[in-house]
Amino acid sequence: MKRKMMLALLLTCALMPVMAQAFGNKDTWSSGWGQGVSEFVIKGPGQSQLSLTCDDSGTAPATIQFTDATGHDVSMDNEKTLQVRIDGGEAIDISESDSRVGENNLTLVWNALRTGKQVTVSGDSVRSATFTLNGAGKVLPAFGTHGCVSRASL
């Protein structure tokens with residue numbers, strides 16, 4: 001009996017890191033939660049990924065992080081350029097959310113992600129990538145709810 005329990009425990013521990021790295025689906029929006037933080041993710045070609053996070057208590061700013069197909073990443077509020085184009089429209093700068101302009105851009109982009117068809121993300125030291133927004137409206141909460149707030153509003 002002890003041997004079976006030890007084997008089950010060993011298998012569980014061995015699979016835990018794999019499950020943690022497997023979050024997110026290619027071309028499908030998914031959400032997860034851990035330690036008071038909600039995360040919304042979509043994966044694309046190669047290592048590309050778009051990740052949005054919210055502190056459920058609203059005491060930390062929402063973040064958007066983009067990883068390109070080669071594994072290089074950039075995130076907002078990190079003194080690097082991060083821009084998005086929703087449905088081929090004008091590029092919107094979401095590099096920072098500490099000012100009213102940055103907060104307005106973040107709100108505009110976040111809510112457009114919920115209703116658009118596709119988003120192209122680019123930034124400093126990364127190659128741009130395009131992700132579908134199909135199903136994003138069912139996964140992403142409206143900005144200003146569920147702890148999704150800008151740095152300027154804190």
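Two strands count as paired if DSSP finds at least two bridges between them. Helices (H or I, at least four residues) and strands (E, at least two) are DSSP runs, numbered from the N terminus. Under these terms, G32 has E39 in strand 2 as its bridge partner. The model is predicted: local features need pLDDT of at least 70, side-chain atom pairs count only at pLDDT 80 or more, and totals for chains, interfaces and linings use all residues. Residues are numbered from 1 along each chain as its sequence is written, and side-chain values use heavy atoms, with hydrogens and water left out.

## Overall composition

The chain contains 3 helices and 9 strands. Along the sequence these elements follow the pattern α-β-β-β-β-β-β-β-α-β-β-α. Of the 154 residues, 36% are buried, where buried means under 20% relative accessible area, exposed over 50%, and partly exposed in between (1.4 Å probe, protein chains only).

A contact is defined as heavy atoms within 4.5 Å. Among contacts between residues at least 6 apart in sequence, 44% join residues at least 24 apart.

An open sheet is formed by 5 strands in the order 1-2-3-4-5, with antiparallel pairing. Strand 1 (30–34) and strand 5 (73–75) are the edge strands, each pairing on one side only. From one strand to the next the twist averages 20 degrees. For such angles, axes are lines fitted to C-alpha atoms, for helices over the stretch in contact, and the angles run from 0 to 180 degrees between N-to-C directions.

Strand 1 runs antiparallel to strand 2 (residues 37–43), and 5 bridges join the two. W33 stands opposite S38 in strand 2. The hairpin of strand 1 and strand 2 has 2 residues between the strands, and Q35 in the turn has a positive phi of about 50 degrees.

Strand 2 also pairs with strand 3, in the antiparallel sense, over 7 bridges. In this pairing V41 stands opposite S51 in strand 3. The hairpin of strand 2 and strand 3 has 5 residues between the strands, and here G46 takes a positive phi near 60 degrees.

In a regular strand the side chains alternate between the two faces of the sheet. T67 lies in strand 4 (residues 63–67) and counts as buried at 13% relative accessibility. Leaving aside residues up to four places away in sequence, T67 touches Q47, S48, Q49, H72 and D73.

Helix 2 (residues 100–115) lies across strand 3 and strand 4, and runs at about 115 degrees to strand 3.

## Disulfide

The structure holds 1 disulfide, defined as a pair of cysteine sulfur atoms within 2.5 Å. The link is between C54 and C148, whose sulfur atoms are 2.0 Å apart. C54 lies in strand 3 (residues 49–55) and C148 in the segment after helix 3 (136–139), so the pair ties together parts that are 94 residues apart in sequence. The link is right-handed, with 105 degrees about the S-S bond. C54 is buried at a relative accessible area of 0%, and C148 is buried, also with a value of 0%.

## Salt bridges

A salt bridge is a side-chain nitrogen of Lys or Arg within 4 Å of a carboxyl oxygen of Asp or Glu. The count by this rule is 2.

| Pair | Closest N and O atoms |
|---|---|
| R151 and D77 | 3.5 Å |
| R100 and E103 | 2.4 Å |

In the salt bridge of R151 with D77, distant parts of the chain are linked: R151 is in the segment after helix 3 and D77 in the loop between strand 5 and strand 6 (82–86), 74 residues apart. R151 is partly exposed, with a relative accessible area of 35%, and D77 is partly exposed at 21% relative accessibility.

R100 and E103 both lie in helix 2, 3 residues apart, about one turn of the helix. R100 is exposed, with a relative accessible area of 52%, whereas E103 counts as buried at 13% relative accessibility.
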